[in-house]
Each structure stands twice: as structure tokens, then as C-alpha cells.
Amino acid sequence: MNSLTNVVLNRFSFLGDLTHLVFPETCVSCSNELSKEEKSICSICQSELIETNFHLAKEATVMDQLFWGRFEVCKAYSYLFFEKEKSSQHVLFSLKYRDNPAIGEYFGKEIAKRLLVMSEFTDVDAFIPAPLHPKKAFLRGYNQSEALAKGMSDALNIRLDTNSIIRAKHGSTQTKKNRFQRWDNVQSTFKTKKSILHYNHVVLVDDVITTGSTLESIAQSIREVHPKIKISIVTLAMS
Ligand SMILES: [Zn+2]
């Protein structure tokens with residue numbers, strides 16, 4: 001390395017130190033200052049997260065079973081068990097409301113490491129985040145599922161598709177309601193565009209899964225356009 005490169009690199013690392021000093025990053029869970037080595041979450045809160053370890057399971061997990069008899073899923077994976085009042089709740093809250101895509105991308109990258117050990121994910125063509133509810137998009141303008149999917153997409157060098165699925169507005173009896181009631185009345189109906197036909201295997205990404213009904217209705221809309229496509233599901237947490 002020549003001396004000029006050294007000077008430039010030193011300056012950058014000095015600027016990094018300075019930025020850290022002036023604007024220290026804080027933990028998404030406990031809000032304590034992060035050390036230079038920590039990203040998004042401190043090591044204590046990270047250690048409190050309860051990982052499912054589904055990526056190591058040899059047989060179908062409860063996450064796979066959630067979809068049995070509803071629609072065909074290639075593989076379903078969730079990174080964390082959601083627990084109230086614990087680290088995972090703070091993480092999900094920060095992911096949704098801190099308006100900081102870096103949090104989602106950080107966890108997306110963590111998830112990507114686990115996807116690499118599962119054979120079902122070797123032929124994925126695209127990650128598709130669940131579209132935000134229009135009411136939330138209106139209030140927030142930021143989709144946490146997209147941030148997660150972007151982290152995975154960047155880490156695995158697989159396409160991120162935010163265009164093929166859209167939320168279709170529902171019903172024509174909404175005119176007498178005020179603006180917020182109208183938003184509330186928007187049902188989870190989805191429309192899939194023909195661009196989905198480019199893919200053989202897509203992964204639907206969401207932040208937290210409870211009943212799986214949103215993902216089920218997205219999957220239904222995809223199969224109306226592309227009946228033979230393989231669909232997998234990945235979420236940050238399951239409750
Ligand atoms: Zn913390």
C-alpha cells in the first residue's frame with residue numbers, strides 16, 4: 001500500500017471514529033450506546049433473543065406445519081420466537097417505528113446466513129416483501145419487511161422484487177367514511193403482476209407471523225397468475 005492510500009484510509013477510519021463519538025449508534029432494544037464493533041443491537045440484547053434454530057431442523061417445524069392444508073409452501077422459516085416484554089418485542093417495535101432501514105437490513109443479513117445452510121433456498125429467484133398496509137404506508141412511508149428482504153437480497157445477491165405484488169383496494173362502499181375509516185376498511189387483498197412469471201421460486205418476507213393469513217392471501221394471488229411457482233416464507237419472528 002502506498003503512503004497516500006494509507007493517509008486516505010487513516011482519514012476515513014478517523015472520520016468513522018469521530019462519527020461514532022458524535023453520533024453514537026444505540027441499541028434497538030435497550031437504547032444503550034453501541035460499541036464500535038456492535039451493529040444495531042448490543043451483545044447483551046442479542047443474547048436474549050430466542051432463536052428458533054429451525055434452519056438446523058431435519059424435519060418439518062411448527063413454522064412449516066402452520067401452512068399445512070392451506071397452501072403449498074416449499075419451505076417456511078422464522079429466525080426468532082417472539083416474546084412479549086423481551087428483546088424480540090423491542091426489536092420488532094424498533095423495526096416498525098424507528099424509521100431506520102438499517103435495523104431491518106442488519107437482521108436480514110443475519111437471516112441470510114441461516115438460509116445458506118438450508119438446501120430448499122438454493123434456487124431462489126427473488127425475495128418479495130409483504131406490501132405495507134396502505135394505512136401504515138400513509139402514516140410511515142417505510143416498509144420494515146422490505147428492509148429485511150433487502151438485507152437478505154444484498155447478502156445473497158438475489159433479486160429484491162417490490163413491484164410484482166400490490167395491495168388492491170377493496171370495496172366501493174367506502175365513500176361515506178372519513179379518510180382514516182376508509183383506510184381501516186381496506187382489506188388484505190393482493191394483486192400479482194405478470195412479472196411474477198419470470199420466477200420459478202420466490203420467498204415471501206414479513207416481519208412477524210401469527211396466523212399467516214396475510215401471507216396466505218399473497219400466495220393465493222401469486223398462484224392465480226403463476227400456478228406452478230414454488231413459494232417459500234421467511235419471517236423475522238413468529239408469535
Ligand atoms: Zn441492548
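This is a predicted model: local features need pLDDT of at least 70, side-chain atom pairs count only at pLDDT 80 or more; totals for chains, interfaces and linings use all residues.
Ser 87 counts as buried because it has 22 C-beta neighbours inside 10 Å. By buried I mean that 20 or more other C-beta atoms lie within 10 Å of a residue's own; 12 or fewer makes a residue exposed, anything in between is partly exposed, and the C-beta atoms are placed from the backbone. Residues are numbered from 1 along each chain as its sequence is written.

Let me stay with Ser 87 for a moment. This residue lies in helix H4. Helices (H or I, at least four residues) and strands (E, at least two) are DSSP runs, numbered from the N terminus. Which residues does Ser 87 contact, leaving aside its neighbours within four places in sequence? They are Ser 29, Cys 45, Glu 48 and Leu 49, where contact requires C-beta atoms, placed from the backbone, within 7 Å of each other.

Ser 31 is found in the loop between helix H1 (3–22) and helix H2 (43–48), and its phi is positive, about 70°, although it is not a glycine. Ser 40 lies in the loop between H1 and H2 as well, with a positive phi near 65°. Are these residues buried or exposed? Ser 31 is exposed, with 12 other C-beta atoms within 10 Å, whereas Ser 40 is buried, with 24.

I turn now to the sheet. Six strands form an open sheet in the order E1-E2-E8-E7-E3-E4, and the pairing is mixed. Strand E1 (50–51) and E4 stand at the edges with a single partner strand each, so one side of each has no neighbour in the sheet. Two strands are taken to pair if DSSP finds at least two bridges between them. In general, strands of a sheet pair through backbone hydrogen bonds, either parallel or antiparallel.

Consider strand E3 (residues 126–129). Towards strand E4 (residues 159–160), E3 runs parallel and is joined by two bridges; Phe 127 has Leu 160 as its bridge partner there. Towards strand E7 (residues 201–209), the pairing of E3 is parallel over four bridges, with Ala 126 opposite Val 202. Which way do the residues of E3 point? Ala 126 and Ile 128 point one way, Phe 127 and Pro 129 the other way, and all are buried. Elsewhere in the sheet, five bridges pair E2 with E8 in the parallel sense, and Ser 78 has Thr 235 in E8 as its bridge partner.

Among the buried residues are Gln 144, Leu 148 and Met 152, and the buried residues of H7 pack against H4, H5, E3, E4, E7 and E8. H7 lies across E3, E4, E7 and E8, at about 130° to E7. Just after H7, Asn 157 takes a positive phi of about 55°.

Helix H5 (residues 101–115) should span 21 Å over its 15 residues, and its end C-alpha atoms are 21 Å apart, which agrees. The buried residues of H5 include Ile 103, Tyr 106, Phe 107 and Leu 115. Their cover includes strand E2 (76–81), helix H4 (87–97), helix H7 (144–156) and strand E8 (230–238).

How do H5 and H7 meet? Two packed helices are described by the angle between their axes and the distance between the axes. Axes are lines fitted to C-alpha atoms, for helices over the stretch in contact, with angles from 0 to 180 degrees between N-to-C directions. The axes of H5 and H7 come within 6 Å and cross at roughly 50°. That makes H5 oblique to H7, given that angles under 35 degrees count as roughly parallel, over 145 as roughly antiparallel, 65 to 115 as roughly perpendicular and the rest as oblique. The crossing is right-handed, meaning that the near helix is turned clockwise from the far one by less than a right angle. Residues meeting at this contact include Tyr 106, Gly 108 and Ala 112 in H5, and Ala 147, Gly 151 and Ala 155 in H7.

Notes:
The expected span of a helix is 1.5 Å times one less than its number of residues. Two residues are in contact if their C-beta atoms, placed from the backbone, lie within 7 Å.
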